[in-house]
Amino acid sequence: MKSFPQHLLDGYRTFQTQRLPTEQSRYRELSERGQSPEVMVIGCCDSRVSPEVIFDAGPGELFVVRNVANLVPVYTPDSGTHGVSAALEYAVNALRVKHVVVLGHAQCGGIRAFIDKTAPLSPGDFIGRWMSMFIKPGEVVEQRDHETMADFTVRIEKAAVFRSLENLMTFPFVKTQVASGALNLHGAYFGVAGGSLFVLDQTTKEFRSARDGE
Ligand SMILES: [Zn+2]
């Protein structure tokens, strides 16, 4: 068996000597009391878009699900196994989170594969099948006249956030909690190059910069 990556061991030792001493009591408390995060984040697997880093969150603060292109499927109570739905069920019905944030991002490989109609990476075409949930039956997603490829890509990356928010509301327990005011749904978009965060204004349906002074 290959040895465990050294840089991960080095990273753990840095955590152990630098971060853990300041957070030890917090870990102990969370261990005894259990977790009670107020926020669930649904983000992308992309290694550049870590919710804990972006939101400067400590242990126990964020309940995170990450998948290719931060997608939430439509509520499908069938015999299939649904990872995002299971996490959502736990977050909403057991943890009683107050907020669900769908975090999209720039240069998303999943969206890129969807736009480029990339050839399957394996016979199972798991990415292709996963990304197919992004479009509704009969829906056509195309570049508009005079729209650059860069603008089209950003539009679709943001559309993935809108679609996930829309699909969240197909879950009866989400719909009920949102209607009662106990749960709030939010969209956000992370610009990787500038480290910029844009938060969705649900009224105007536009993403606004969260930076100070903007
Ligand atoms: Zn992504």
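Q: Which residues coordinate the zinc ion?
A: Look for the donor atoms around the metal. In this predicted model, the zinc ion is held by Cys44 through SG, His105 through NE2 and Cys108 through SG. The distances run from 2.0 to 2.3 Å.

Q: What spacing do the donors of the zinc ion follow along the chain?
A: Read the donors in chain order. The pattern here is C-x60-H-x2-C.

Q: Are Cys44 and Cys108 buried or exposed?
A: Check the relative accessible area. Buried means under 20%. Cys44 has 5%, so Cys44 counts as buried. Cys108 has 3%, so Cys108 is buried too.

Q: Now a helix. Which residues of α7 are buried?
A: Helix α7 covers residues 172-180, and its buried residues are Phe173, Val174 and Gln177. Now look down the axis of α7. The buried residues fall within an arc of 100°, so they line one face of the helix.

Q: What does the face of α7 turned away from the buried side carry?
A: That face carries the exposed residues Lys175 and Ala179.

Q: What do the buried residues of α7 pack against?
A: Look for contacts with other elements. The partners are α3 (83-93), α6 (149-168) and β4 (184-191).

Definitions and conventions. Residues numbered from 1 in each chain as written. Predicted model: local features only at pLDDT ≥ 70, side-chain atom pairs only at ≥ 80, totals over all residues. Heavy atoms only, no water. Donors = N, O, S within 2.8 Å, 3.2 Å for Na, K, Ca; no water. Buried < 20%, exposed > 50% of the residue type's maximum accessible area, 1.4 Å probe, protein only. Helix = DSSP H or I, 4+ residues; strand = E, 2+ residues; numbered from the N terminus. Arc of directions from axis to C-beta. Contact = heavy atoms within 4.5 Å.
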